Amino acid sequence: MCGIVGYIGAQDASEVLVEGLKTLEYRGYDSAGVAILAEGGLDRRRAEGKLRNLSKRLKEAPLAGTLGIGHTRWATHGKPNETNAHPHRAGGVAVVHNGIIENYAALRQELQADGAVFTSETDTEVVAHLVSHFRAQGLDLQASVAASIERLEGAYAIAVVDEAYPDEFIAARESSPLILALGDDENLVASDLPAVLAHTRKVVFLQDGDLVRVTRGEAQIFAEGALVERPVKRVDWSPAAAQKGGYKHFMLKEIFEQPRAVTDTLTGRLGRGGEVHLEHFDLEALKGIQHISLVACGTSWHAALVGRDLIESIAGIPVSVEYAHEYRYRRHIFGPGDAVIGISQSGETADTLAALGEVKARGVRVGAITNVMESAVARLSGDSLGVIYTHAGPEIGVASTKAFTTQMVSLHLLAVGIGRTLGTLTVEEATAELEALRHLPHWMEQALEGASQVAELAPWASEFDNYLFLGRGNLFPVALEGALKLKEISYIHAEGYAAGEMKHGPIALITEHFPTVALVGSDDLKAKVVSNIEELKARGGPVLIVASEGDEDLARIADQLVLVPEVPERLQPVIYSLPMQLLAYHVADFLGTDVDQPRNLAKSVTVE
Ligand code: G6P
């Protein structure tokens, strides 16, 4: 996720900005830049890659000045290169931005028609041109930024400097975090706390719709054009705690970040009339498709299992799910109606990349679902079907959480997109699917709130050495993922099973020392899973049931009962994943393991 820092004071701004950006490195980035207002006017330095590249540029060609804005970019629109690095400029204006401008394509066309010349592929550059456009009409900087954001749809936190205003800068936010930090004769804005803690502990958490005019001596906050007061908070977090947003671990932060991450996955993609906009994916190229193989490893493979159900039930196309490491060594019989889609959070997993590469070489259409722009898997698929970026933002915890849920949501979008392209889904059906997806972040928030009781289960749940996780239908992959999460970070042995398979073997293990986590959906298969639970209880096995609100009566057969909001059946996997992640997290934390970096595991496995 991109990082923003803005500074005005008495110190050398480029130094302050680079130091601030360094504290945001944990967010992940692929280029960086600063724009500084000096006596000679506004100038910027930008560099691809790490901050040390930017520092080198600044050393070779320093920028002296005490007002500036800086940015670390995690690519979402356009390649991670210097041209696309922020700040973006138009005339005397420079802008840094976090988030996604949904209507940037329309704005870009409009501004181009008006004579604006664009130099990058980013959505951000429209903001610079908009502000410059209003400045040219005679509005002052603050009014120009206010008029510009009126035109923006989507999520943003921005900071703007103008060479005609050497004593102020303007920042604003909508659905993207931004804080204002108040120092002594210096003030800052930043996308996250660590960037300002070296200067001050006095901060204001800006709210959606806020616009702030920052000078050396003061900061004025405006909401809907009127001056407003916002509480000034004192922050006592250490810089390390601040990086985790006050959460004990990155994994916990990422679990709670999921409603936001899924919002980003959906942003700009839900069209009116049931269409799905997948910017880098060619849905039309799927015409004539008869079969799709989803290829992945680990958690991404579990997302693929959920994806199979979504694509088959929504688009009516048969889907196979394959482990990439197995798939690459099998002999495949392809027909003209085949397509292969790789799912990889990192986009660098060696097996997934090799599997896709081999089928592509045989002339089969390939596509990718990944979180990392321009990753190897994305590049490989770019000139074939293309890529669906999950937009989860960088995931730091090794155990995947938000990458998983955003993969499932991306697959849901793909399923609706295929259904509409092939005509197997009516406009009404597609609209209903997208409407449900629109509500998903809200349901996720509710589920996270309700599942906070999971923390209290940790002492009980940590007593056991083995676990069975059961689910049916689209909750079977969630049972697999729940078991994987638990074993990855708590080192407790856990197996996920399809509930119907229990009687064919695993039931032999059940004793009062062998618990089961049972996922009970509010679907047609519910009664069958409940019967499976009865069989476990009859053998003395402890059971933790996760069910939907309205199923409180299941308490009679549960040792522990966790309830999640009742949601449309196709959204159950996302919602039920949340208590699974929290269970694994709290058990691991209770046992004192290294939650964010569990032993023997790597975030991205680039060897076979
Ligand atoms: C590693 C990670 C897992 C991940 C798997 C596949 O094993 O620890 O969390 O699910 O690789 O990674 P990918 O980046 O391809 O999704």
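Leaving aside neighbours within four places in sequence, His-129 is in contact with Arg-89, Ala-90, Leu-111, Ala-116, Val-117 and Phe-118, contact meaning heavy atoms within 4.5 Å. The model is predicted, so that local features need pLDDT of at least 70 and side-chain atom pairs count only at pLDDT 80 or more, whereas totals for chains, interfaces and linings use all residues. Residues are numbered from 1 along each chain as its sequence is written, and side-chain values use heavy atoms, with hydrogens and water left out. His-129 is buried, at a relative accessible area of 10% (buried, under 20% relative accessible area; exposed, over 50%; partly exposed, in between; 1.4 Å probe, protein chains only).

His-129 is found in helix α4; helices are DSSP runs of H or I with at least four residues, numbered from the N terminus. Helix α3 (residues 104–113) packs with helix α4 (residues 125–136) at an angle of about 45°, their axes lying 10 Å apart. Axes are lines fitted to C-alpha atoms over the stretch in contact, and angles run from 0 to 180 degrees between N-to-C directions. The arrangement of α3 and α4 is therefore oblique (under 35 degrees counts as roughly parallel, over 145 as roughly antiparallel, 65 to 115 as roughly perpendicular and the rest as oblique). The crossing of α3 and α4 is left-handed, the near helix being turned anticlockwise from the far one by less than a right angle, and clockwise in a right-handed crossing. Tyr-104, Leu-107, Arg-108 and Leu-111 of α3 make the contact with Val-126, His-129, Leu-130 and His-133 of α4. By class, this contact has five nonpolar, two polar and one charged residues (Ala, Val, Leu, Ile, Met, Phe, Trp, Tyr, Cys and Pro count as nonpolar; Asp, Glu, Lys and Arg as charged; the others, Gly among them, as polar).

Helix α16 (residues 476–490) and helix α18 (residues 572–591) pack at about 20°, with axes 9 Å apart, and are therefore roughly parallel to each other. Their crossing is right-handed. The contact of α16 with α18 has 11 nonpolar, three polar and one charged residues.

Five aromatic pairs are present in the structure (rings of Phe, Tyr and Trp, the last by its six-membered ring, with centres within 6.5 Å; planes under 30 degrees apart count as stacked, over 60 as edge-to-face and the rest as tilted). Among them, Tyr-247 and Phe-256 are stacked, at 5.7 Å centre to centre and 15° between the planes. Tyr-247 is partly exposed, with a relative accessible area of 32%. The pair of Phe-464 and Tyr-467 is edge-to-face, with centres 6.0 Å apart and planes at 85°; both residues are buried. Ring pairs link Trp-460, Phe-464, Tyr-467 and Phe-469 into a cluster.

Terms used:
Helix = DSSP H or I, 4+ residues; strand = E, 2+ residues; numbered from the N terminus.
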